Amino acid sequence: MNERMFSILIVDDEPDYRETLSLLFETLGYRTAQAGSAEEALTLLEQRFFPLVVTDMMMEGMSGIDLLKIVKANYSDEIEVIMVTGYGSIETAVETMKIGAFGYFIKSHDPAELRQEIEKAVECLEARKRKLIDSSQDSFVIGSRNPQMARIWALINKVADSNANVLITGESGTGKEIVAKRLHDLSSRRDRPFVPINCQSMPPGLIESELFGYEKGAFTGAGNRHIGKLEQGSGGTVFLDEIGDMSMDIQVKLLRTLENHQIERIGSTQSVDVNFRVVSATNKDIRKAVDEGNFREDLMYRINTFEIHVPPLRDRREDIPDLVECFIRKYAAETGKYISGMSDDTKNYLMNYSYPGNIRELKNIVERLVILAPKDGILSLEDGRPESGAEGTEGGRVSHIESYKEAKRDFEIRYIRDVLKREDGNITWAAEAMGLSRRQLFNKIKELNIRVD
């Protein structure tokens with residue numbers, strides 16, 4: 001949790017003490033909000049998410065202990081509470097800890113003690129957040145309700161701890177790299193490097209030097225020796241993503257490496273022994289590419305001891321609810337948003353949408369929904385629906401693919417517009433929500449020519 005974005009709700013019926021704590025916490029780099037009563041605090045908690053509440057124990061009306069009970073009952077471990085009082089006793093401290101308070105501070109004590117409690121709470125919340133994100137990522141790969149995917153995970157368990165090369169096929173966005181990483185994590189190579197290489201994104205003139213490395217002075221600009229990714233992956237797993245886009249001359253060099261387990265850096269005549277397992281992936285029909293002379297048949301057989309075909313999301317709709325839940329946990333933990341549910345219309349839409357972008361698209365939709373979640377925490381597609389026309393496909397693939405630069409610009413425009421709408425056009429609030437400075441957001445708005453109403 002970035003401290004600059006970490007918000008603390010201060011609850012005390014003494015305005016001067018609230019201001020004192022606010023100044024202290026903001027000096028430490030936290031954002032603060034104030035409530036003059038427990039009732040006001042509960043109203044604020046319904047409107048905004050505060051991972052940490054620092055509350056006085058004795059107040060007019062509802063007491064701090066009553067507030068603590070309600071917060072822990074409604075928000076469980078999502079919010080930690082530190083109790084503050086002017087009249088401390090061991091019995092009272094023990095009572096609040098039993099109810100669920102994270103810490104306890106007496107007003108007459110050194111403020112450094114309160115600072116330490118805050119830092120411990122932040123550390124605890126940060127660790128909990130990481131655990132939530134990790135568990136959501138783990139749940140992505142532990143199984144499937146779909147029979148075909150269940151068989152795939154069973155096959156992965158069988159072939160993972162071997163040196164057999166695996167080819168993963170399937171449409172873009174189906175999770176092929178997740179499968180590759182799972183193969184690595186279940187293998188005896190798990191403690192060695194997992195090196196992903198996207199063969200499609202590398203320019204033709206760069207891929208050879210990135211794969212095989214080069215010696216100092218091998219070409220203009222080669223100021224130092226560079227260890228290639230194949231050498232970096234020695235002992236571990238090399239993941240060749242989109243291998244179907246690899247040029248024929250690089251295919252020849254890769255085949256030679258796979259046959260003799262050696263590489264030569266560019267500009268060197270010495271061979272270097274390497275020992276890595278190859279897991280490859282492609283969204284192309286590799287056999288058709290062989291027939292058309294665009295892919296070497298001998299290399300296809302070398303990388304294809306086992307083939308795993310990952311089906312598109314539209315053919316495994318049973319997994320959509322679990323994936324949605326997984327991504328909600330991930331992005332709620334990352335953003336600190338309180339998510340209480342999802343509208344029925346949104347559930348129906350997510351279950352019936354065609355997902356031309358597969359799991360990657362579902363992930364983006366859920367991230368958008370969480371970012372734009374309203375105060376009540378109910379996810380709704382009012383602002384999170386994919387752009388019209390996104391469902392148009394050709395043979396199960398998107399009929400038009402815009403350039404990465406165009407897609408990035410379109411996403412930034414939509415994202416900034418949505419957050420500005422969510423924050424009623426207030427640039428300062430929107431910048432805070434995005435984790436940007438006001439100046440950074442203002443420059444982006446100007447660069448993208450976004451109208452601010």
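**Close-up views of a predicted model**

**View 1. Pro 374 in a loop.** At 34% relative accessibility, Pro 374 is classed as partly exposed, a category lying between buried (under 20% relative accessible area) and exposed (over 50%), with a 1.4 Å probe and protein chains only. The loop between α15 and β14 (378-379) holds Pro 374; helices (H or I, at least four residues) and strands (E, at least two) are DSSP runs, numbered from the N terminus. Lys 337 lies 37 residues from Pro 374 in sequence, and their C-alpha atoms are 9.5 Å apart in space. The model is predicted, so local features need pLDDT of at least 70 and side-chain atom pairs count only at pLDDT 80 or more, whereas totals for chains, interfaces and linings use all residues. Residues are numbered from 1 along each chain as its sequence is written, and side-chain values use heavy atoms, with hydrogens and water left out.

**View 2. Packing of helices α13 and α15.** Helix α13 (residues 320-335) packs with helix α15 (residues 358-371) at an angle of about 45°, their axes being 9 Å apart. Axes are lines fitted to C-alpha atoms, for helices over the stretch in contact, and angles run from 0 to 180 degrees between N-to-C directions. The two helices are therefore oblique to each other, the class left after roughly parallel (under 35 degrees), roughly antiparallel (over 145) and roughly perpendicular (65 to 115). Among the residues of α13 that meet α15 are Leu 323, Phe 327 and Tyr 331, and the α15 side includes Leu 362, Val 366 and Val 370; contact means heavy atoms within 4.5 Å.

View 3. Five strands, in the order β7-β8-β11-β6-β12, form an open sheet with parallel pairing; two strands pair if DSSP finds at least two bridges between them. Strands β7 (194-198) and β12 (306-309) stand at the edges with a single partner strand each, so one side of each has no neighbour in the sheet. From one strand to the next, the twist averages 20°. Helix α6 (residues 147-159) packs on the sheet, where α6 touches β11 and β12, and its direction makes about 150° with that of β12.

**View 4. Strand β1 and its partner β2.** In strand β1 (residues 7-11), which is mostly covered, five of five residues are buried. Ser 7, Leu 9 and Val 11 point one way from β1, while Ile 8 and Ile 10 point the other way. Strand β2 (residues 31-35) runs parallel to β1 and is joined to β1 by five bridges. Ala 35 in β2 is the bridge partner of Val 11.
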